[in-house]
Amino acid sequence: MEAYKNIYFHKLDVYKRRFLKKKKAADTMLKDWLDSKSINSLFDDIIQTKLSNNCVVINDETGQKTLEILDFNDQYIFARIGRYQDLISVHLRDRTTHVSETISRTADQDLEIFTYLLIDRDNFIISFLKEFAAPSIRTLQFLIDNNYSGRELFGEVSGVIVEDAIPLLKSKDTVGTISYKVQVPTDNILSYDDIGLSQSEFIHLRNQKHVEIEVKLVAERNKSAFKDESGIEKVLKKILEKTKKVKVRAKDNEGLMQTYSVVESLLTKRIKFEFDRSVEEIQKEIYNKLKITYESNKQEIIDYVRNE
């Protein structure tokens with residue numbers, strides 16, 4: 001079974017908290033950021049002293065999670081992170097007969113929903129295979145809080161953000177559908193047919209501040225919507241004068257079509273996985289594709305990491 005998944009990129013930072021005392025005013029909290037060598041020391045300590053069967057419990061804002069270290073060396077940490085899931089909405093179903101079967105477990109077992117991540121120990125950029133119902137990657141920052149808050153050390157996970165995607169889109173081989181929403185004041189509607197209502201129907205509405213219309217400029221399949229790079233920049237900048245919520249489908253020649261928000265978009269890479277195999281083979285494939293995808297796009301990812 002093939003499946004396409006988005007790999008998201010985040011960065012883990014660790015800071016030492018201290019407070020600046022002020023007279024007749026609240027204290028100001030300051031953050032002294034740790035370098036990669038110091039963060040590595042924390043992870044070495046976690047791996048050597050905090051694990052039980054390669055796992056460590058993390059308590060975050062929503063409850064208990066589990067981080068399992070699957071493999072590590074001086075360059076990478078490969079892990080999966082999971083959360084407990086009740087059995088009320090899951091079961092097994094035979095794909096041929098469609099007969100369902102409850103998932104059996106002992107009194108000491110819980111159903112866990114998990115996903116995978118790869119940490120670069122040089123810069124602590126995280127490649128994260130986001131999955132519905134699995135924990136958020138922000139849970140990883142609580143690994144630091146749980147274990148080192150007594151030393152005033154805390155974690156912070158931030159997404160790798162493309163603040164302006166126009167330069168990125170100009171480098172793509174194919175730019176496809178552009179979609180955005182525009183607002184039209186209700187007293188300036190040129191045609192009631194445009195919103196699917198007649199004038200007699202529209203007058204029954206009350207308190208309408210504006211009409212919001214979604215525009216989709218749909219390109220032909222496997223063909224680019226623009227002749228050249230200058231056209232991409234000119235059109236998108238004009239649309240951004242009307243709205244900041246602009247999404248564009250684009251890809252490289254050897255890649256897959258992805259959706260980019262032109263403003264404040266999380267950097268992702270869309271990858272194909274083959275999941276119809278043993279758990280060990282799936283896990284090995286995930287590790288390899290997380291690593292290959294990260295290493296082949298490393299400079300681009302680093303370029304978009306925000307400098308605090």
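Okay, let's start with Ala 133, which you'll find in the loop between S9 and H2. Those labels come from DSSP runs, numbered from the N terminus: a helix is H or I and at least four residues, a strand is E and at least two. Before I go on, this is a predicted model, where local features need pLDDT of at least 70 and side-chain atom pairs count only at pLDDT 80 or more, while totals for chains, interfaces and linings use all residues. Residues are numbered from 1 along each chain as its sequence is written, and side-chain values use heavy atoms, with hydrogens and water left out.

Back to Ala 133. Its phi is near 80°, a positive value in a residue other than glycine. Ala 133 is partly exposed, at 29% relative accessibility. For the cut-offs, buried is under 20% relative accessible area, exposed is over 50%, and partly exposed is in between, using a 1.4 Å probe and protein chains only.

Which other residue has a positive phi although it is not a glycine? That's Phe 124, at about 60°. Phe 124 sits in the loop between strand S8 (111-120) and strand S9 (125-129), and at 0% relative accessibility it counts as buried.

Phe 124 also turns up on the contact list of His 10, where contact means heavy atoms within 4.5 Å. His 10 is in strand S1 and is buried, at 9% relative accessibility. Leaving out residues up to four places away in sequence, His 10 touches, among others, Phe 124, Phe 128, Ile 137 and Val 157.

Now for some helices. H2, residues 141-148, is mostly covered, with 6 of its 8 residues buried. Those are Gln 141, Phe 142, Leu 143, Ile 144, Asp 145 and Tyr 148. The cover includes S1, helix H1 (36-50), strand S3 (55-60), strand S4 (63-72) and strand S10 (153-159).

What about H5, residues 229-240? At 1.5 Å a residue, its 12 residues should span 16 Å, and the end C-alpha atoms are 17 Å apart, which agrees. The expected span, by the way, is 1.5 Å times one less than the number of residues. Buried in H5 are Gly 231, Ile 232, Leu 236, Ile 239 and Leu 240. Looking down the axis, they fall within an arc of 155° (taken from the directions from the helix axis to the C-beta atoms), so they line one face of the helix. Lys 234 and Lys 238 are exposed on the face turned away from that buried side. And remember, an α-helix has 3.6 residues a turn, so residues three or four places apart point the same way.

Leu 236 comes back in the largest nonpolar core, which has 39 residues. Such a core is a set of buried Ala, Val, Leu, Ile, Met, Phe, Trp, Tyr and Cys residues joined through side-chain atoms within 4.5 Å. Leu 236 is one of the members touching the most other members, and so is Ile 178. The largest share of this core, 5 residues, comes from helix H6 (residues 279-296). There's a second, separate core of 27 residues too, including Ile 39, Leu 67, Ile 119 and Phe 142.

In H6 the buried residues are Ile 282, Glu 285, Ile 286, Tyr 287, Leu 290, Thr 293 and Tyr 294. They pack against S1, strand S5 (76-85), S8, S9, strand S17 (268-274) and helix H7 (298-304).

How many aromatic pairs does a search of the whole structure find? The search gives 7. Rings of Phe, Tyr and Trp (its six-membered ring) pair if their centres lie within 6.5 Å; planes under 30 degrees apart are stacked, over 60 edge-to-face, and the rest tilted. Phe 114 and Tyr 116 are edge-to-face, 5.6 Å centre to centre with 80° between the planes. Tyr 116 is buried at 7%, whereas Phe 114 is partly exposed at 33%. Together with Phe 78 and Tyr 287, they form one aromatic cluster.

Last up, Arg 80 lies over the face of Phe 114, 4.6 Å from the ring centre. That counts when NZ of Lys or CZ of Arg is within 6 Å of the ring centre and within 35 degrees of the ring normal. Lys 31 also has its charged end over a ring, that of Tyr 15, 4.6 Å from the centre.
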